[in-house]
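Please look over the structure below with this briefing at hand.

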Amino acid sequence: MINFLNALMTYHFEEHEQKILRLVRTQDEADAFREGLALISQALYRSEAGMADRIIKERFSPRMGEEVAALVDAASREGGPQAVKESLDAFARTLDEMQSLKIEVAFIPREAAIDALHEWVITHLGNRIILDVDVDRSLQAGVRMMYRGRYLEVSLAQMVSRVIEEERERILQEVNHKT
């Protein structure tokens, strides 16, 4: 019977884990999520009714809160507060184990830009990667990315320089021909 309950809890955890991982896109969101999980864990053993529900409502976005509430409810039904705490702790460990894709951009990205980047990451690198987004105004219409020790910088200035270098002879001929 215990093995069945463990298997059932694992299934519910993995089901909710996949949905939640798609919603935690950035390092800032992961940090806020961890804080919310810690608050829920602390509230489990308080006698105040509805404390976990209030934390979920106040600390998480509606979509995220819905998934966290479903995870808490499933774990609670299957094993009470201890099962909820174990599920939340397991989720916090999952977040800690996720890799980071550091992205530096010249502007503060809007939600749509973060969504697009995150979808690209999920498609090409998997869903266990968190975007660590920083703003560096010196990039001038470019981006720097660091992942697993690899570094890539792409900027408009670099592209223009590369085109000028590749087309240098032709450009010089055109300029000299017109003068």
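Predicted model: local features only at pLDDT ≥ 70, side-chain atom pairs only at ≥ 80, totals over all residues.

Residues are numbered from 1 along each chain as its sequence is written, and side-chain values use heavy atoms, with hydrogens and water left out.

**Overall form**
- The protein has seven helices and four strands, which are DSSP runs numbered from the N terminus (helices H or I, at least four residues; strands E, at least two).
- The radius of gyration, taken over C-alpha atoms, is 23 Å, well over the 16 Å that the globule rule (2.2 Å times the number of residues to the power 0.38) gives for 179 residues, so the protein is more spread out than a compact globule.
- Along its principal axes, the C-alpha trace spans about 85 × 30 × 25 Å.
- Buried residues, meaning those under 20% relative accessible area with a 1.4 Å probe and protein chains only, make up 35% of the 179 residues.

**Helices H2 and H3**
- The axes of H2 (residues 27-43) and H3 (residues 51-59), which are lines fitted to C-alpha atoms over the stretch in contact, come within 9 Å and cross at roughly 165°, on a scale from 0 to 180 degrees between N-to-C directions.
- H2 and H3 are therefore roughly antiparallel to each other, a label for angles over 145 degrees.
- Residues of H2 including Leu39 and Ile40 meet residues of H3, among them Ile55 and Ile56.

Definitions and conventions
Parallel < 35°, antiparallel > 145°, perpendicular 65-115°, else oblique. Contact = heavy atoms within 4.5 Å. Buried < 20%, exposed > 50% of the residue type's maximum accessible area, 1.4 Å probe, protein only.
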